[in-house]
Amino acid sequence: MYDGKTGTILCDWCGAVLGNINGDGNFFALIRTKYCTQCRQFASAENHRAAQRAYRQRKKLEKKLCMERLDLMAQENELLRQKIRRMSEDNESEGT
Ligand SMILES: [Zn+2]
C-alpha cells in the first residue's frame, strides 16, 4: 500500500513499513511490492490453496458431468436393447 503523503510503502496486510520511495532508490521494485516477506509467504500459500480448491471443484464437476453422460448413455442403451428385442419378437411372430 502506497502512502502518497510520506512516500512510504506499507504491507497491504499487516501494515509493516516496506520502505520509502523518497528515501530508497529502487522506486519501481518498491512500488510493485505489496506484502512484507512474512505476509508474501502466507499470501502465496493462501493463493495456492485457493487455486487447488478451484481445481478440485472443477475436476469434481467434470467427473459429475461425465458420470451423468455415462448414465444417460446406459439408459439409451437399455432402451435400444428393448427396442431391438421387440423388433425381433415382432419379426418372429410375423414370420413362419
Ligand atoms: Zn505484512
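With 13 C-beta neighbours inside 10 Å, T6 counts as partly exposed, because a residue is called exposed at 12 or fewer and buried at 20 or more. You'll find T6 in the loop between strand 1 and strand 2. Now look for D71: T6 and D71 are 65 residues apart in sequence, and their C-alpha atoms are 65 Å apart in space.

**The overall picture**

The protein chain holds two helices and three strands. Read from the N terminus on, the order of the elements is β-β-β-α-α. How far does the C-alpha trace span along its principal axes? The answer is about 105 × 20 × 20 Å.

As for contacts with a separation of 6 or more, 18% of them come from residues 24 or more positions apart.

The three strands make an open sheet in the order 1-2-3, with antiparallel pairing. Strand 1 (2-3) and strand 3 stand at the edges with a single partner strand each, so each has one side left without a neighbour in the sheet.

Strand 2 (residues 8-10) and strand 3 (residues 17-20) run antiparallel and are joined by three bridges. Then move to L10, which stands opposite V17 in strand 3. Strand 2 and strand 3 form a hairpin, with six residues between them. In that turn, G15 has a positive phi of about 80°.

**The helices**

Helix 1 covers residues 27-32, while helix 2 takes in residues 37-94. Does the span of helix 2 agree or disagree with its residue count? It agrees: at 1.5 Å a residue, the 58 residues of helix 2 should span 86 Å, and the end C-alpha atoms are 85 Å apart.

Is helix 2 largely in the open or buried? The number of buried residues among its 58 is zero, so helix 2 lies largely in the open. E46 is found in helix 2, and it counts as exposed because it has 11 C-beta neighbours inside 10 Å. N77 sits in helix 2 as well, and with 10 C-beta neighbours inside 10 Å, N77 also counts as exposed.

Here are some residue pairs to look up in the structure, each with its separation along the chain and its C-alpha distance.

| Pair | Apart along the chain | C-alpha to C-alpha |
|---|---|---|
| N77 and R56 | 21 residues | 31 Å |
| E46 and Q75 | 29 residues | 43 Å |
| T6 and D71 | 65 residues | 65 Å |

**How confident is the prediction?**

The mean pLDDT of the protein chain is 88, and 96% of its residues reach 70 or more. Which element has the lowest mean pLDDT, and which the highest? Among the elements, helix 1 has the lowest mean at 80, and helix 2 has the highest at 91.

Definitions and conventions:
Residues are numbered from 1 along each chain as its sequence is written. This is a predicted model: local features need pLDDT of at least 70, side-chain atom pairs count only at pLDDT 80 or more; totals for chains, interfaces and linings use all residues. Helices (H or I, at least four residues) and strands (E, at least two) are DSSP runs, numbered from the N terminus. Two residues are in contact if their C-beta atoms, placed from the backbone, lie within 7 Å. Two strands pair if DSSP finds at least two bridges between them. The expected span of a helix is 1.5 Å times one less than its number of residues. pLDDT is the predictor's confidence in each residue, from 0 to 100.
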